[in-house]
Amino acid sequence: MAKLYFYYSAMNAGKSTILLQASYNYQERGMDTVLFSPHIDTRYQSGKICSRIGLSAKSHTFTDQDDLFALVAHKKTEYSKIKSVFVDEAQFLRKQQVQQLSDVTDQLSIPVLAYGLRSDFLGEPFEGSLYLLIWADEIHEIKTICHCGAKATMNMRVDQQAQKIVAGQQIEIGGNERYVSVCRKHFKMGQAR
Ligand SMILES: [Zn+2]
């Protein structure tokens, strides 16, 4: 039975690296994969999933409005060898898109592996992650560490002086802010280093 998997973590845990390796493992065995990434992710080129250690692969970008089930169903008729679907930055999925991905597993019998952040810089859930935590068959944590050595579970947005930012839009692109993965204690203390 195909399953919907959600791999979640704080920032910079290596999600994209793990996604690209897993996709490669399928392809190496002659099986096609479909890679999705949200249009919103403009850190790198659109239509490409890049990992911090230098791996990259082409992806199909999607917007809030796209029906991911319809997109995969259409591709399946083109290439019958699709054996898995990967989603990078899955926190940006809308609720109905998470349900569409569950339809991919249930109706097309294709496993879906979604990778994303569990929470935003305010400690609030992202819509995509919230529903993946509920709708996925399996959830797995990808671990990374805080500057204190404890497991980092939170994403702190900091300014250029490494001061915690406590208000703003959930999605901030192109500003001077950056993110630091920290443990809950240091998130509450606002200590980025
Ligand atoms: Zn810590």
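Is Cys 148 buried, partly exposed or exposed? Cys 148 has a relative accessibility of 42%, so it counts as partly exposed. The model is predicted. The protein chain has 193 residues, and four of its side chains, Cys 146, Cys 148, Cys 183 and His 186, supply the protein donors of a zinc ion.

**Zinc site**

- The donor atoms are SG of Cys 146, SG of Cys 148, SG of Cys 183 and ND1 of His 186, at 2.0 to 2.3 Å from the zinc ion.
- Angles between the four donor atoms at the zinc ion run from 100 to 115 degrees, and the arrangement is therefore tetrahedral; the criterion for four donors is that all angles lie between 85 and 135 degrees.
- Along the chain, the donors are spaced as C-x1-C-x34-C-x2-H.

- Cys 146 counts as buried because its relative accessibility is 4%, under the 20% limit.
- Cys 148, at 42%, is partly exposed, because that class lies between 20% and 50%.

**Fold and dimensions**

- The protein chain contains five helices and 10 strands.
- Its radius of gyration is 17 Å, close to the 16 Å from the globule rule for 193 residues, so the chain is as compact as a globular protein of that length.
- The C-alpha trace spans about 50 × 30 × 30 Å along its principal axes.

**Packing and surface**

- Of the 193 residues in the protein chain, 46% are buried.
- Among contacts between residues at least 6 apart in sequence, 74% link residues at least 24 apart.

Methods:
Residues are numbered from 1 along each chain as its sequence is written. This is a predicted model: local features need pLDDT of at least 70, side-chain atom pairs count only at pLDDT 80 or more; totals for chains, interfaces and linings use all residues. Side-chain values use heavy atoms; hydrogens and water are left out. Donors are N, O and S atoms within 2.8 Å of the metal (3.2 Å for Na, K and Ca); water is not among the atoms, so sites may look incomplete. Four donors count as tetrahedral if all angles lie between 85 and 135 degrees; four count as square planar and six as octahedral if opposite donors are over 155 degrees apart and all others between 65 and 115; anything else is irregular. Buried means under 20% relative accessible area, exposed over 50%, partly exposed in between (1.4 Å probe, protein chains only). Helices (H or I, at least four residues) and strands (E, at least two) are DSSP runs, numbered from the N terminus. The radius of gyration is taken over C-alpha atoms; the globule rule is 2.2 Å times the number of residues to the power 0.38. Contact means heavy atoms within 4.5 Å.
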